[in-house]
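Look over the model first, then read on.

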2 protein chains.
Amino acid sequence: MALPIFASDALSSVAYAPQELLMILMLGGLSFLTFSPWIALAVVVLLAVVVLSYRQLILAYPSGGGDYEVARTNLGEIPGVVVASALLVDYILTVAVSVAAGVDNIISALAVLNPWRVELAVGFVVLLVAVNLRGVREASRAFALPTYLFIGSVGVMVVTGLVRWAVGDSPVASSAQFGVESAGLTQVAVVLLLLRAFASGCSALTGVEAIANGVPAFRPPQARNARTTLAIMGLIAISLFAGLTTLALVSGVRYAEDPCELIGFDCTLPQPSLIAQVAAATFGMGSVLFYVVQATTACVLLLAANTAFNGFPLLGSVLARDGYAPKSLNTRGDRLVYSNGMVLLGIAAITALLVFQADLTTLIQLYIIGVFVSFSLGQIGMVRHWNRELRLIPRQATLERRIALRGRVINSLGAVMTVVVLVIVTVTKFTHGAWLVFLAIPVLTTLMIGVRRYYLDVEVETAIDDDSVRFGSRGDVALVLVGAFHKPAAKAIDYALAAQHDTTIAVHVAVTPRETAQLAADWEEHHVPVPLMVLESPYRQYAAPLAAFIREYRRRHGSSVVTIYLPQYIVGHWWETFLHNRRARRLAQRLMLIHGVAVTLVPWLLDSSRLLYGRAARPMPGDDRAGHAAEYGLVTHLAPEADDATTGPPTPDPTASRPA
Amino acid sequence: MALPIFASDALSSVAYAPQELLMILMLGGLSFLTFSPWIALAVVVLLAVVVLSYRQLILAYPSGGGDYEVARTNLGEIPGVVVASALLVDYILTVAVSVAAGVDNIISALAVLNPWRVELAVGFVVLLVAVNLRGVREASRAFALPTYLFIGSVGVMVVTGLVRWAVGDSPVASSAQFGVESAGLTQVAVVLLLLRAFASGCSALTGVEAIANGVPAFRPPQARNARTTLAIMGLIAISLFAGLTTLALVSGVRYAEDPCELIGFDCTLPQPSLIAQVAAATFGMGSVLFYVVQATTACVLLLAANTAFNGFPLLGSVLARDGYAPKSLNTRGDRLVYSNGMVLLGIAAITALLVFQADLTTLIQLYIIGVFVSFSLGQIGMVRHWNRELRLIPRQATLERRIALRGRVINSLGAVMTVVVLVIVTVTKFTHGAWLVFLAIPVLTTLMIGVRRYYLDVEVETAIDDDSVRFGSRGDVALVLVGAFHKPAAKAIDYALAAQHDTTIAVHVAVTPRETAQLAADWEEHHVPVPLMVLESPYRQYAAPLAAFIREYRRRHGSSVVTIYLPQYIVGHWWETFLHNRRARRLAQRLMLIHGVAVTLVPWLLDSSRLLYGRAARPMPGDDRAGHAAEYGLVTHLAPEADDATTGPPTPDPTASRPA
């Protein structure tokens with residue numbers, strides 16, 4: 001089950017990597033296609049090296065911190081935070097690239113949708129956000145199926161195509177007839193073009209890091225299973241990538257960055273994706289199998305986009321743990337935190353899609369940069385890690401030394417290759433939008449470092465600086481704020497009495513004479529065992545008269561801790577929050593500015609609050625990846641429990657069933 | 001001092017009313033200008049009647065509720081809420097119209113600004129929002145000056161112009177040479193055009209209602225002073241309106257809805273406003289006095305826009321008092337409530353300016369509808385009021401009967417005339433954008449009625465239904481949530497101890513082993529007099545383990561009221577709220593869903609919170625109008641007071657200076 005969850009991201013990149021590789025080569029003319037087997041081979045070698053490198057990384061850091069943890073531990077704070085920023089950018093671009101590629105493949109099958117390319121892409125992102133806001137269990141079969149179907153259908157296609165080629169009935173792509181203008185290039189330009197083609201082919205590597213970030217989600221032995229899954233995934237990715245590239249060359253696929261440069265092609269029509277052309281050539285345009293390939297490709301790409309919605313909050317919680325992001329992000333199971341994160345991710349992805357008009361090629365260049373920034377820093381960190389290990393391992397432990405030496409060789413190779421790719425992509429694409437990534441990463445890094453510094457400052461400010469900590473404030477008074485005599489107020493009085501403060505006083509701020517008179521009458525009628533104090537407020541203020549009363553009380557009775565009881569409504573609809581508690585909340589904020597005041601919120605559950613329990617039961621994104629499937633399901637713990645006889649009456653009504 | 005505060009809105013309308021009146025007439029051709037004295041006279045009569053009507057209204061309802069209170073008391077709930085909706089729309093359009101007119105007059109003096117008309121208007125609204133967010137004292141001299149200067153400069157201009165006319169040296173407007181195409185109109189069309197011109201001239205009446213809404217702000221005897229001010233304001237408005245219209249006719253001003261219809265005018269240039277043309281004709285284009293007139297006109301218009309920012313929150317608090325708006329709006333002195341209201345008002349006004357491209361004529365039509373909806377319903381309500389009075393007053397009280405009879409005559413006249421104008425504007429302008437107002441008013445009305453129904457439902461839900469209210473929950477336990485042993489946690493423990501609960505337990509949710517170990521060590525070192533309970537949380541959850549603990553505790557110790565102490569940071573910068581308390585706040589929300597739990601927030605003031613005191617000292621919009629000038633200044637009451645020796649140590653540090 002682990003394979004489909006983690007592999008969709010990495011495997012789906014096979015759907016666009018061969019296309020990007022061949023497309024860049026064809027910029028130089030058809031003759032450049034002779035280079036393609038060698039460049040594809042280089043990509044395959046790099047993919048193998050990176051997979052091997054990550055197997056080493058999992059071995060050394062099985063906690064799931066991935067490149068961020070490696071960079072932070074071995075290279076220091078700033079490289080670690082840079083990796084984190086790059087990963088944040090990656091998640092945004094994973095969504096944008098996968099959705100754009102998915103839409104391309106849908107349009108390749110259904111050309112009539114071409115005018116709504118950008119709208120479709122934005123629509124899919126909105127759909128993903130909505131689905132994830134609603135809550136979705138990732139580990140279900142529905143998520144496993146498309147990945148297996150994708151591997152199966154593309155595998156069958158590659159085998160069928162290659163067999164047909166071997167027996168002399170080679171499939172011919174519909175674009176094989178189109179010509180491509182040969183560009184007269186200098187030797188330097190040729191080298192640059194080959195490098196760019198290689199860099200574009202490297203998009204096949206995106207998503208490989210996902211398994212290293214999700215080790216805790218595997219069954220024990222976790223590291224071992226994760227490494228096995230990674231190896232299997234690497235082999236499948238290499239096979240599919242090599243097979244698709246070969247088949248595309250055999251069937252003579254032409255794919256141009258600007259379709260109008262294809263001689264003979266009517267460039268008002270959409271250019272079918274490479275995978276669609278190969279599928280049409282192999283199975284026949286319009287055949288059932290052609291549609292199966294396109295559908296599973298689109299599905300697996302959308303699934304890859306969906307994984308970003310799970311990874312984003314997980315990364316946020318790791319960053320929060322280390323103090324680089326607001327601490328609230330570290331709370332597992334907080335729906336609001338997750339919702340905000342997902343909406344943010346969705347907005348960022350939609351912005352990227354709109355700015356670049358869902359253009360896959362441009363988005364991929366940005367994507368590769370982010371991915372290779374984290375690859376490179378992770379690999380360099382791993383080299384440092386092995387160096388340190390080698391210093392620590394005694395000479396006689398030959399087996400351990402051999403493992404470490406082997407790891408160092410693999411990771412050094414990985415580091416050199418990923419840095420080279422990063423430099424190539426940066427050089428060739430800086431002016432084509434890549435500068436955005438180089439702007440975003442430092443900005444995010446600065447923000448994160450700033451957050452961390454702030455938390456450290458607060459830590460210093462609140463540190464206990466005195467060895468002789470003494471407790472013992474004296475003079476305790478409870479003020480229950482009462483607007484009218486209704487159930488929430490009665491409950492607040494009941495709770496204040498239960499806490500047995502030295503003094504308990506009910507306080508009413510009189511802004512409407514009629515209300516005040518009614519309250520006084522009710523007070524007498526119900527024999528409330530607490531004195532009622534009415535504070536005049538000629539200017540409809542609440543905080544100021546209360547503050548004056550507290551000051552006066554202290555003047556008479558000496559220093560005291562004041563606890564103010566505020567009834568609080570718990571509501572079920574979002575819009576009800578506009579109608580309740582806002583005054584109480586603001587009042588609490590004001591009162592907390594007075595020295596020696598604490599505020600006690602006494603909840604009153606309105607009928608609509610029942611809706612909250614249902615909402616708490618939905619799965620949260622990343623639940624599956626974090627390695628637990630809601631064993632701690634909140635609904636069973638937080639709901640008022642009718643079966644639990646010792647917790648008192650089933651309804652929270654203090655006035656109904658308790659004896660005096 | 002009351003005149004400039006309340007009169008800027010009403011007097012500033014003189015700056016656009018004559019222009020709109022003449023402009024509509026000229027649609028029919030220059031010959032129609034012969035009707036203009038009669039139409040202007042009708043406007044003057046209507047203005048006089050409305051002023052007299054409002055003097056009656058103040059007499060009958062001196063509490064400052066204005067048309068809303070009259071309609072609600074005499075006509076029922078729905079008409080009252082309709083008036084309130086109309087007033088809300090009015091405030092938005094007061095801002096839009098006044099700013100648009102102000103910009104027109106600035107451009108009339110500085111034509112180079114013409115290309116940025118809309119941007120300038122939006123910029124002024126943003127400026128007004130910013131100034132009011134910052135806090136501004138309305139009663140200062142800076143606010144009085146422009147109104148007096150406007151009255152003075154326009155008055156001098158009218159007198160100068162009329163004297164020049166009398167002595168035969170009549171001023172000639174620059175546009176007097178331009179021709180206007182005569183439209184061949186049917187008799188019906190002529191009548192309609194005259195009615196439209198009258199309706200447009202009625203924009204002179206906007207703002208008259210302001211004094212009736214602000215009676216409490218006057219010095220006693222309030223009603224008497226308010227009525228006097230209203231009379232003075234009415235006389236000034238009538239004089240300026242009549243004078244400006246006469247002068248415009250005398251000097252031959254041509255003003256067209258579409259400037260390209262002016263024969264001989266280069267309509268790529270901006271059309272100077274009527275007041276600018278008259279000023280140029282009287283004092284000479286480019287003279288100092290011309291600029292004085294334009295500057296004071298623009299100033300008084302912006303001042304009128306500013307009054308909406310004061311009236312808006314006041315209306316909100318009246319609606320909140322009656323249950324038609326969120327109750328939080330009824331809190332005087334809550335900066336956040338006011339800020340939200342002003343930002344909303346600003347956004348709505350900017351939207352109106354953008355949609356109608358800051359076009360004064362269109363905006364004025366919308367504006368008149370809203371104003372006359374509230375005029376009409378208010379006047380009809382007053383007629384009902386007098387009818388009821390007459391039934392109640394005994395026959396022999398002849399003086400009182402005479403007053404009531406006189407009131408009924410005046411208000412009946414006012415009601416008939418305002419309804420006629422409303423019908424005219426509606427008929428002539430419905431398709432030109434006025435439908436928007438007729439959409440907005442019912443939507444707002446429905447929302448308000450819905451809010452009221454909701455509050456009534458909650459009232460029923462929380463009403464005490466049992467005659468035998470009994471207090472006496474037993475078994476009280478306090479849980480202090482401790483993350484690390486720092487000052488805020490120590491303060492929370494100290495407060496929990498001061499309240500002397502039956503049992504006090506410190507609870508730590510263990511998500512990071514290192515932190516837990518550190519806490520345990522600190523606990524021992526400082527001899528904290530409270531047992532520490534560590535709850536395991538393998539999935540980084542907070543609410544669920546706490547809920548489980550509370551359930552378990554109750555199972556063992558029986559029913560009990562649980563008070564959970566949460567340390568809370570008080571911060572000074574808005575961005576700090578993203579870094580603090582969000583987890584605690586969400587946790588509090590979760591815990592309050594458990595039966596029998598109350599949450600006590602123990603504040604810890606970070607150094608930055610000092611900024612809050614400064615902010616609380618700024619004046620709030622509407623302070624002056626509500627009739628008090630911060631006598632209850634919050635800063636002196638809420639700040640920790642160093643001079644108050646009995647309130648304990650000046651800094652809120654519980655560990656430093658109190659004996660055990």
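Q: How far apart do the C-alpha centres of domain 1 and domain 2 of chain A lie?
A: This is a predicted model, in which local features need pLDDT of at least 70, side-chain atom pairs count only at pLDDT 80 or more, and totals for chains, interfaces and linings use all residues. Residues are numbered from 1 along each chain as its sequence is written, while chains are lettered from A and ligands numbered from 1 in the order in which they are written. Chain A splits into domain 1 (2–454) and domain 2 (476–616), with bounds from an automatic or database domain assignment. The distance between their C-alpha centres is 56 Å.

Q: What percentage of the 660 residues of chain A count as buried?
A: A residue is buried if 20 or more other C-beta atoms lie within 10 Å of its own, exposed if 12 or fewer, and partly exposed in between; C-beta atoms are placed from the backbone. For chain A, the buried share is 53%.

Q: Are helices α5 and α14 of chain A roughly parallel or roughly antiparallel?
A: The axes of α5 (residues 77–109) and α14 (residues 360–392) are 8 Å apart, at an angle of about 150°. Axes are lines fitted to C-alpha atoms, for helices over the stretch in contact, and angles run from 0 to 180 degrees between N-to-C directions. Angles under 35 degrees count as roughly parallel, over 145 as roughly antiparallel, 65 to 115 as roughly perpendicular and the rest as oblique. So α5(A) and α14(A) are roughly antiparallel.

Q: Is A:A358 buried or exposed?
A: A:A358 is found in the loop between α13 (335–355) and α14 of chain A. Its phi is positive, about 55°, although A:A358 is not a glycine. Most residues other than glycine have a negative phi. Because 23 other C-beta atoms lie within 10 Å, A:A358 is buried.

Q: Is B:H527 buried or exposed?
A: B:H527 sits in the loop between α18 (513–525) and β5 (532–536) of chain B. B:H527 is not a glycine, yet has a positive phi of about 50°. With 10 C-beta neighbours inside 10 Å, B:H527 is exposed.

Q: How far apart are the end C-alpha atoms of helix α19 of chain A?
A: Helices (H or I, at least four residues) and strands (E, at least two) are DSSP runs, numbered from the N terminus. The expected span is 1.5 Å times one less than the number of residues. For the 15 residues of α19(A) (residues 543–557), that should be 21 Å, and the end C-alpha atoms agree, at 21 Å.
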